[in-house]
Amino acid sequence: MCRKGVRVDSVSLSSILGVCAKGCGESGGCGHNDEIPSNVNGQQIHGLTVKLGFEGDLHLNNSLLDMYAKSADMRSAEKVFASIPEVSVVSWNVMITGYGLIFQSQKAIEYLRRMQSCGFEPDEVTYINLLAACVKSGDIKSGRQMFDNISRPNVISWNAILSGYFQMEDHMEVIKLFREMQFQGVQPDRSTLAIALSSSAAMGILEAGKEIHAASHKAVSDTDIYVASALIGMYSKCGKTEMAKHIFHDMQELDVVCWNSMIAGLSLDSQDKEAFNYFKQMRQHEMLPTQFSYATILSCCAKLASSFQGKQVHAQITKDGYVSDVFVGSALIGMYCKCGDVDGARNFFDMMPSKSTVTWNEMIHGYAQNGRGDEAVLLYWDMIASAERPDAITFISVLTACSHSGLVDAGIDIFNSMEHKHGVEPVLDHYTCIIDALGRAGRFQEAEVLLDEMPYKDDPVIWEVLLSSCRVHANVSLAKRAAEELIRLDPHNSVPYVLLANIYSSLGRWDEARAVRDLMVDKQVIKDPGYSWIEYEKMVGS
């Protein structure tokens, strides 16, 4: 156009800027890099705008704002905004949207206040943009205020606020808002339904899930894959795997997300052999597994303690090119460790090109599970030396290793370093590991001091651990105290009755043992039966 000498007007420039903005928006916000600014075309058009004398054109300036905002270059957007002789509501809205895109909700709210102080009345678009900005920034409180300012929110606004509460794990509010949306006659779309179903699944509330399922019949097609995968996940997590299977098999077309939801649901319901069968069917349907597929099925192999099946999956992972994936690699380490092949896990761990905190945790935990505490502690120190930051799970793993291997002093040192060296506040599981370590070593005086200081005195797990140690060391007085605490906290738990009776029996105090068992009968407490898995000739049975 320029080469042919055709006069360029502000409308042409605005259209070209729209294309530049779309390009940046589709790439997730361009911004600047160290070499060439990715919004370079937009900057060139900006230069042409100035050269042709269009600096005062409001529509063109708003297009410039939009281009810079969508490229996450808010510094340039600020300069353009400040140079506009007379801004409009659209100008303010674009600035608010721009700060939302880079997760700066407070800056977006600041622009709302400036807008109002300059005499501009916010419109529906203003509040919708602010809502999106707050949700993206995790500021759900401000987001709710913006949502409540929208007189008639559309489905996009509803989805934004539902997504915000879902991200904050306030699933009950998601369900309440979904019902309010229904009451106001707003038709949900597939995103609405997926969010609401995910919240129902997270809480395990079947009735809410059924309500949403009923609403989905009116809103979307029964063959919608996106909603179907959410329904499969919801019914699975609510313990209704047969219903999940019914939805799965009724689908005319299945994608990998549906297969993953079904396999994960069966695994969650401890139907691991069935999950493995579905994984095989998935392969037979020429559906390529994802990282999530492999991580889930490796978890099934681990729970079944089936190293044969695990090795088959490992071979397939290598063939599909996921062997260097950190997520899949961590799952492989977990599988080998749970099947007892710790050396195989360590060989794979050492060959991994990159490791995450999860990877280190899996290997440390594998050593802990298999009674190799010294190696777990050494690997923990290797992790610290590598500058990988430990998290709460890291400390549970290494403290478990210390407890099971009698490394009490090492465990105490690591426990004491958690908060002041690594910024990780000890929680129940960490205290449980240390109480267990002290109890196993017969250091009951130190255990009782820690018990009196910690904030988890009313948790039964702590007392169960202590009671088990008292049985080993025949500490009757502390065992009686622990059993009484457990019975107070959970009168129908069989553990304290059985352990205390066994302690009395081992010491020949038959009358006291009989009294505990009679009390158990009187309170109708039933001991849960035990079970185990065994792999024999490539078959797994119980």
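Modeller: Buried stands for a relative accessible area under 20%, exposed for over 50%, and partly exposed for anything in between, with a 1.4 Å probe and protein chains only. This is a predicted model: local features need pLDDT of at least 70, side-chain atom pairs count only at pLDDT 80 or more, and totals for chains, interfaces and linings use all residues. Residues are numbered from 1 along each chain as its sequence is written, and side-chain values use heavy atoms, with hydrogens and water left out.

Colleague: Which class does A387 fall in, and why?

Modeller: The relative accessible area of A387 is 69%, so A387 is exposed. A387 sits in the loop between α22 (373–385) and α23, where helices (H or I, at least four residues) and strands (E, at least two) are DSSP runs, numbered from the N terminus.

Colleague: What is the phi of A387?

Modeller: Phi is near 75°, a positive value in a residue other than glycine. Most residues other than glycine have a negative phi. A305 also has a positive phi, of about 55°, and is not a glycine. A305 belongs to the loop between α17 (291–304) and α18 (307–320).

Colleague: How much of the chain is buried?

Modeller: Of 542 residues, 46% count as buried. The secondary structure comes to 30 helices and 2 strands. The accessible surface is about 27400 Å², 52% of it from carbon and sulfur atoms; such areas come from the Shrake-Rupley method with a 1.4 Å probe, and for residues, only the protein chains shown count as cover.

Colleague: What makes the span of α9 close to the expected one?

Modeller: The expected span is 1.5 Å times one less than the number of residues. Helix α9 (residues 155–167) has 13 residues and reaches 18 Å from its first C-alpha to its last, close to the 18 Å expected. At its start, a side-chain oxygen of N154 comes within 3.2 Å of the backbone nitrogen of I156. Just after α9, E169 takes a positive phi of about 60°.

Colleague: Which residues of α9 are buried, and what covers them?

Modeller: Among them are W158, I161, L162 and Y165. The cover includes α7 (124–136), α8 (140–148), α10 (171–183) and α11 (190–203).

Colleague: Why is D436 called buried?

Modeller: D436 has 12% relative accessibility, below the limit for that class, so D436 counts as buried. D436 lies in helix α25 (residues 428–440).

Colleague: How do you know that the side chains of D436 and S403 form a polar contact?

Modeller: A polar contact is a pair of N or O atoms within 3.5 Å; within protein, one must be able to donate a hydrogen and the other to accept it, and residues adjacent in sequence count only if both atoms are side-chain atoms. The polar contact between the side chains of D436 and S403 is 2.5 Å. Leaving out residues up to four places away in sequence, D436 touches S403, H404, V465 and S469, contact meaning heavy atoms within 4.5 Å.

Colleague: Which class does H404 belong to, and why?

Modeller: H404 has 41% relative accessibility and therefore counts as partly exposed. H404 is in helix α23 (residues 392–404). Beyond four places in sequence, H404 touches A368, D436 and R440.

Colleague: What makes a group of residues a nonpolar core?

Modeller: The set must be buried Ala, Val, Leu, Ile, Met, Phe, Trp, Tyr and Cys residues joined through side-chain atoms within 4.5 Å. The largest such core has 111 residues, of which M363, L399 and L466 touch the most other members. Helix α13 (residues 225–237) gives the most to this core, with 8 residues. Another core, of 43 residues, lies apart from it and includes L64, L65, F147 and I150.
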